[in-house]
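This report describes a single predicted model. The sequence and structure are shown first.

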Amino acid sequence: MLSIPLPFVVTLMLLTFLARTLQSDDQSLKERAFFLALFFVCILQTILSGLRWNLQVDEVKLIQPVIAATLPVLIWASFTHVSPQSVQLSDYRMWAHIMPIPLVAILRVWDANLIDYLLIGLAAGYSFAMYKTINAGPSTLPRLSLNGVVSAFAALKVATLLLISTAIIDGFILFDFIQWQGAHVGVFLSASSLIILLALCIAASMAGQNMDTSDAEELEAEPVLKEKEQGADDVASDAEILATVDALLKERGLFKDPNLSLSRLARRAGVPSRQISIAINRSRSMNVSQYVNQFRIEEACRLLTETDYSVTRIIDDAGFQTKSNFNREFLRITGKSPTDWRNNASQKSPHTKALLS
């Protein structure tokens, strides 16, 4: 009976998942560069693992660590939604992210025993960087679509745990080689790291689908004000920012854009995204996504009351991407389901103004 090694089964699953992701995603290849690179590196790693541990092709161990060194930075760039366009050769920080790759090649010649320590350090370091992003909140990822901020942020948390897991696995592999000359590495990799790579790509697909790229060229020429010094209790400044944002959302109907991101809203308002996030949080005790969704639910309530549109059409017209997100936000804000709202005649008159109070 023909038996296919687990690494190659995972490879086929990753290739299938990548093909489906490419078919369902309408973003440009340039915008998806980090996500696609992450997919290809994970696929290459599964192939190399199968060749080394199942087919005993020892030559691949020369390039496996080099490929492994690219994973932490690609995970970090993908899940924190770093823009590929922001990468500049003149930026020393870019070279700091690339340097571990040639360093692994140098250590292969100089002292291969140090490679495992480097890989563990990379995984731990980028895990910490992603943890700091999680602690700072969604406002640190302004390129995320506000509709997808919840799922994308959840994917970021999953990716952080997975990256920490790779550091633990690398530590086990190092210990196994020291203690047992690598006797258990093949089995352990098949049972853990391959599954991690698969889960990582699934999470990457979730995160990549929630990136706003529609305004890249349209808003490039719009003015962006420099961030000004602002006191913690500067209520007047917050009110001015909110008035500008409200005008964009309400009068220009920007909330109806399902791909609206904090970055796009900031460029339209001419106010730094961080100031918008702080003003909304300080004045309304909510995040930007919740604030925008209030305008969307207000519109949905109006349509439910004044029209006989289907709920599916109302979801689209109000600017939501998914029915689950719409139902969750509608219940959070109104305390009712869309059907109950429509059927409750007592709620069909002064319904919307109360939502924003």
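The model is predicted, so local features need pLDDT of at least 70 and side-chain atom pairs count only at pLDDT 80 or more, while totals for chains, interfaces and linings use all residues. Residues are numbered from 1 along each chain as its sequence is written, and side-chain values use heavy atoms, with hydrogens and water left out.

**Nonpolar cores.** A nonpolar core is a set of buried Ala, Val, Leu, Ile, Met, Phe, Trp, Tyr and Cys residues joined through side-chain atoms within 4.5 Å. Buried means under 20% relative accessible area, exposed over 50%, and partly exposed in between, with a 1.4 Å probe and protein chains only. The largest core holds 41 residues, of which Leu 38, Ile 75, Phe 79, Met 130 and Leu 156 touch the most other members. Two or more residues come from each of α1 (6-24), α2 (33-54), α3 (64-79), α5 (100-110), α6 (115-136) and α7 (149-180). The largest contribution is that of α3, with 9 residues. A second, separate core has 22 residues, including Leu 248, Ala 266, Tyr 291 and Phe 295. Helices here are DSSP runs (H or I, at least four residues), numbered from the N terminus.

**Tyr 291.** This residue lies in helix α13 and counts as buried at 5% relative accessibility. With contact taken as heavy atoms within 4.5 Å, and leaving aside residues up to four places away in sequence, Tyr 291 touches Leu 242, Val 245, Asp 246, Leu 249, Ile 280, Arg 284 and Met 286. Its C-alpha atom is separated by 9.9 Å from that of Phe 255, 36 residues apart along the chain.

In α14 (residues 311-318), the buried residues are Ile 314, Ile 315 and Ala 318. They lie on the same side of α14 because they cover an arc of only 105° around the axis, taken from the directions from the helix axis to the C-beta atoms. These residues pack against α13 (288-306), α15 (323-334) and α16 (338-343). Thr 312 and Asp 316 are exposed on the face turned away from the buried side. Helix α2 has 22 residues and spans 31 Å from its first C-alpha to its last, close to the expected 32 Å, which is 1.5 Å times one less than its number of residues.

Residues with positive phi follow both helices:

| Residue | Position | Phi |
|---|---|---|
| Gln 56 | just after α2 | about 55° |
| Gly 319 | just after α14 | about 100° |

**Cysteines.** Cys 42 is buried, at 0% relative accessible area, and Cys 301 is also buried, at 0%. With a disulfide defined as a pair of cysteine sulfur atoms within 2.5 Å, the count is 0.
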